[in-house]
Amino acid sequence: MMAIMVLVFAVPATTGAPAIGTGKTSGLTAQESKLLGELNLDNAWNQLGYLSSLGEKVAGSPAERDAQQYVYDQFSAMPMDEVWWETFPVAYWEHYGTTVRIVSNANEPIDATTYGDSPSIWGKDNNVPYYFGNTDGNKVLVAGVVDVGHGTAAEFDAVGDLSGMIALLHRDDNLQGWPNTAALEAGYHHAAAILFYGYYAGSDNPVGIKQDSVFSPIPAISISPNSAVHIQELMSTGPVTLEIGGRVDFHPRGESVNVAAVMWGTVKPDEYVVISGHIDAWWSGSNDDQSSIAAVLEYARLFSQARAAGMFTNERTLVFCSVGAEETGGIDDTWYNWLVGSYEFVVAHPEIMKGLVVELNLDGVSMPRASGKYWAENTWEMNGFVKQAIGDVGLAGLLSYYNPIWSWTDAWSFGAKGGGSTVQMIGWENGYDWTYHTQLDAMDIQSKAVLNMVLKLYVVMASRAVHALVLPMDFVPTCDWAAGYLAAEKVTMPASQTANIDAASKALSSLRTSAQSVNAYAATLKNAYANAKGPGEKAKIEAKADALNRAMIDARMIITPYTLGEGGTMGSWDVFLRSDQHSHDYGFVNAAVNWLKKNQESNALKSLESVYTMEWGKLYSRDTYVTTFNDMVNVYMYWGAVFDQQQMYVDVQGVYLGLKDGSMTNADAISQLTSIKDNQLVPWFAEDVGTLEWAWSEGSAILAGAVP
């Protein structure tokens with residue numbers, strides 16, 4: 001699981017929510033109840049304990065491969081039809097351990113690790129040695145520490161040149177966007193290494209040592225906030241010297257593995273229900289994400305053994321999948337750095353995506369929530385399906401859902417990149433930041449009751465998905481979600497775009513009408529099937545339902561990926577209507593121009609600070625900004641390329657800095673910002689709205705053609 005979320009959605013009040021497992025069930029079929037009775041919670045819990053005991057499993061590492069071998073062996077021991085072992089390339093790094101000692105005040109060790117794919121003090125990069133040390137053959141760094149606060153350009157400038165020094169730096173992604181910005185700033189100020197501590201504001205665990213992928217040009221070492229406070233206390237009485245040792249080797253062409261088990265459908269083998277989680281983990285990763293693999297293994301055991309015992313048949317194909325390289329692992333010069341394994345699985349199996357009914361993804365499903373509230377994240381067309389299952393399993397008031405899917409979990413690969421329907425059980429709330437990606441995400445804080453809740457919900461949804469006469473899709477919520485964005489964009493964009501927005505709105509309205517017709521037709525088919533007199537009549541209805549299902553899948557593969565856009569700020573990986581980033585940025589750039597015309601520079605600066613990339617870019621030097629900006633646009637930090645979902649960014653920092661230091665006149669700033677509006681944001685917006693009009697028109701036609 002890669003990020004935090006900033007969401008606004010309606011949820012039931014948590015006060016007085018029923019305890020897990022105490023809600024009354026309703027609407028379950030006899031077979032669903034029987035399947036739930038066959039769940040083995042102890043087995044899933046024991047699997048979680050074993051997988052957690054295997055320790056850290058970074059993408060492409062022997063530990064990840066060994067864990068996948070275990071999953072493969074477990075699947076192979078079940079009565080499955082096939083078990084797949086599929087490799088794919090990743091960037092892999094090998095950690096040999098990190099040591100930090102305070103040597104100016106006695107000889108005191110500090111627990112630490114090197115951040116993800118950052119260099120350590122020495123190692124090999126594609127078999128070429130590198131060194132950042134100054135003793136022991138440059139394999140150990142002995143240097144003084146300088147506290148640089150949150151590592152903004154102003155804070156680095158205040159301490160001056162850091163040649164040969166270690167920067168102590170408080171991570172807060174609300175300010176920095178992602179730690180790469182502060183790491184770059186440290187490098188440009190000639191720091192020898194960085195000691196990171198903390199996470200988002202309010203989420204610093206005193207003893208938590210964070211792990212992540214950071215893209216640092218110099219050694220980036222992670223310590224706990226308690227250790228940082230201790231160093232700061234020592235610094236208050238005099239200089240502090242640290243000794244840092246550690247080796248990391250980089251292998252730009254490593255290999256990771258996806259493992260899947262298959263139960264072929266008896267009636268519709270070319271239609272699929274996929275249940276998945278990711279095996280790779282920072283530290284032991286009990287919640288993120290060994291809990292999900294434990295659940296996947298239990299689902300596979302349950303359904304395969306139930307079929308072998310004659311108490312279950314799956315009309316559609318069931319696929320149980322453990323993917324690698326979710327946290328990170330994109331090879332050099334690719335346009336993605338996370339969700340690698342699930343993306344590779346989607347690319348490798350177009351037949352699954354062409355027949356996908358729903359992908360039931362899991363990511364962190366065993367942590368208790370202080371709020372007592374849990375939720376699912378899903379593509380809009382599954383709202384009714386998810387809501388019904390929640391109620392029938394007895395989780396109403398305890399579990400809710402929201403839209404759309406976001407680009408920090410594997411659901412994004414199946415939904416946004418594959419065009420499928422996805423439901424994502426995600427164990428997240430602000431309180432989880434406390435342990436997320438730290439050594440504290442271990443078995444002792446997991447909840448058997450929470451895991452059991454998820455197991456029950458997905459058993460019911462999977463069983464319903466493999467047997468549904470008509471696929472449980474309703475595209476009306478998709479239309480309503482998009483309509484809200486278009487209405488706001490019409491207010492923001494210039495009059496020249498009114499016709500384009502109106503055309504897209506007309507296509508969206510047509511899609512909504514077609515979706516309503518499909519819903520009515522689906523209800524008619526289900527009612528007719530329930531009252532059919534014999535096999536012949538049922539067969540005719542099934543044929544009509546099959547044609548409708550095919551149309552819904554075909555329409556969805558256009559509607560979902562072309563409706564979604566992704567971008568925003570680094571720390572949240574926002575997901576929105578594909579045209580919205582350009583509308584957002586246009587609004588603030590236009591406001592800045594209007595303020596400058598009134599000679600109100602301070603208000604213009606505030607407007608520019610709200611442009612995407614400037615939420616963090618306002619705090620950093622031009623060098624750091626340009627490097628990060630180019631990475632966001634050209635390299636690996638966001639999901640672009642396929643379907644062009646990654647919305648392009650505009651660079652307004654040069655204007656911002658020029659206005660701020662007085663080196664740019666208002667007239668020049670107005671000229672440059674107007675050019676950005678007219679030559680970048682407006683054409684990009686027009687192109688995206690045109691794409692929306694096309695996609696919604698195509699989707700509408702496909703759905704309308706399926707209704708007699």
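Where is the place of His 190? His 190 sits in the loop between helix 6 (179-188) and strand 8 (193-197). Helices and strands here are DSSP runs numbered from the N terminus, with helices being H or I of at least four residues and strands being E of at least two.

A quick word on the ground rules. This is a predicted model, in which local features need pLDDT of at least 70 and side-chain atom pairs count only at pLDDT 80 or more, while totals for chains, interfaces and linings use all residues. Residues are numbered from 1 along each chain as its sequence is written, and side-chain values use heavy atoms, with hydrogens and water left out.

The scale, with a 1.4 Å probe and protein chains only, calls a residue buried under 20% relative accessible area, exposed over 50%, and partly exposed in between.

There are cis peptide bonds to look at too. One joins Asn 403 and Pro 404, with omega about -10°, and Pro 404 lies in the loop between strand 15 (399-402) and helix 12 (411-417). Another runs from Asp 288 to Asp 289, with omega near 15°; Asp 289 belongs to helix 8 (residues 286-308).

**Helices 17 and 18**

From helix 17, Phe 588, Ala 591, Ala 592, Trp 595 and Leu 596 meet Glu 601, Asn 603, Ala 604, Ser 607 and Leu 608 of helix 18. Contact here means heavy atoms within 4.5 Å. Sorted by class, that contact has 7 nonpolar, 2 polar and 1 charged residues.

**Buried spots**

Helix 7 (residues 225-235) has Pro 225, Ser 227, Ala 228, Ile 231 and Leu 234 as its buried residues. What covers them includes strand 1 (82-102), strand 2 (108-110), strand 6 (140-147), strand 7 (166-170), strand 8 and strand 10 (241-263).

Strand 1 also holds Thr 98. Is Thr 98 buried or exposed? Thr 98 is buried, at 17% relative accessible area. Leaving aside neighbours within four places in sequence, Thr 98 is in contact with Ala 112, Thr 113, Thr 114, Ser 120, Ile 221, Gly 245 and Gly 246. The C-alpha atoms of Thr 98 and Ile 223 are 11 Å apart, although 125 residues separate the two along the chain.

Technical notes:
Nonpolar A, V, L, I, M, F, W, Y, C, P; charged D, E, K, R; others polar.
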